[in-house]
Amino acid sequence: MKCPRDQTELVVEHTLGVEVDHCPTCNGRWLDFNELDQLESTTGATETERRATIEFGEKPSELDCPVCGKRMRAFNYRAYNLELDTCPEKHGYWLDSGEEGRVRDIINERVRGLERSASAEAAWGGFLDGLKRGGGGLFGRRKR
Ligand SMILES: [Zn+2]
Ligand SMILES: [Zn+2]
């Protein structure tokens, strides 16, 4: 898979024990669609609340999906104040350099929240298992 910004071949990188496709040239990152979807599902109790966390921008993205080559859409992930590009075919999300730090914060927050619970380790394991069942694991590749 190639970087949508500069066509550099993406390399698999391990972040917090999970895999993410990383561009060594522009420092951007590609996430499977399900990965952020799962994070998003932790932000609101109801479907309506979850939908309210995403706001699509007026202008299209300047980038093409690295999976299918279609022009992506830029949007604002309001729950975390993140600017992202996403494929209309739901292949995944592109994060420019710097935005990855925000996602790392989100994961850290999630881990801290779980650490507060009595069975933190089990809960975190269950969280990761849930993501894996959802399509390849947090920041990982689909194994199917
Ligand atoms: Zn790049
Ligand atoms: Zn696509």
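Student: Which atoms coordinate the zinc ion (ligand 2)?

Tutor: In this predicted model, the donors are Cys 65 (SG), Cys 68 (SG), Cys 87 (SG) and His 91 (ND1), at 2.0 to 2.3 Å. The cut-off for a donor is within 2.8 Å of the metal, so these atoms count as donors of the zinc ion (ligand 2).

Student: What makes the arrangement around the zinc ion (ligand 2) tetrahedral?

Tutor: The four donor atoms subtend angles of 105 to 120°. Four donors count as tetrahedral if all angles lie between 85 and 135 degrees, so the arrangement is called tetrahedral. The ideal angle for four tetrahedral donors is 109.5 degrees.

Student: How are the donor residues spaced in sequence?

Tutor: The spacing is C-x2-C-x18-C-x3-H. Cys 65 lies in the loop between strand S4 (54–64) and strand S5 (71–77), and His 91 in the loop between strand S6 (82–86) and strand S7 (92–95), so the pair ties together parts that are 26 residues apart in sequence.

Student: Why is Cys 65 called buried, and what is His 91 called?

Tutor: Buried means under 20% relative accessible area, and partly exposed lies between that and 50%. Cys 65 has 3%, so Cys 65 is buried. His 91 has 24%, so His 91 is partly exposed. Cys 87, at 3%, counts as buried, and so does Cys 23, at 0%.

Student: Which residues make up the largest nonpolar core?

Tutor: That core has ten residues in all, including Cys 23, Trp 30, Cys 65 and Cys 87. A second, separate core of seven residues includes Leu 31, Tyr 77, Leu 84 and Tyr 93.

Student: How many disulfides are there?

Tutor: A disulfide needs a pair of cysteine sulfur atoms within 2.5 Å, and by this rule the count comes to zero.

Conventions
Residues numbered from 1 in each chain as written. Chains lettered and ligands numbered in written order. Predicted model: local features only at pLDDT ≥ 70, side-chain atom pairs only at ≥ 80, totals over all residues. Heavy atoms only, no water. Donors = N, O, S within 2.8 Å, 3.2 Å for Na, K, Ca; no water. Tetrahedral: all angles 85-135°; square planar, octahedral: opposite > 155°, others 65-115°. Helix = DSSP H or I, 4+ residues; strand = E, 2+ residues; numbered from the N terminus. Buried < 20%, exposed > 50% of the residue type's maximum accessible area, 1.4 Å probe, protein only. Core = buried A, V, L, I, M, F, W, Y, C linked by side-chain atoms within 4.5 Å.
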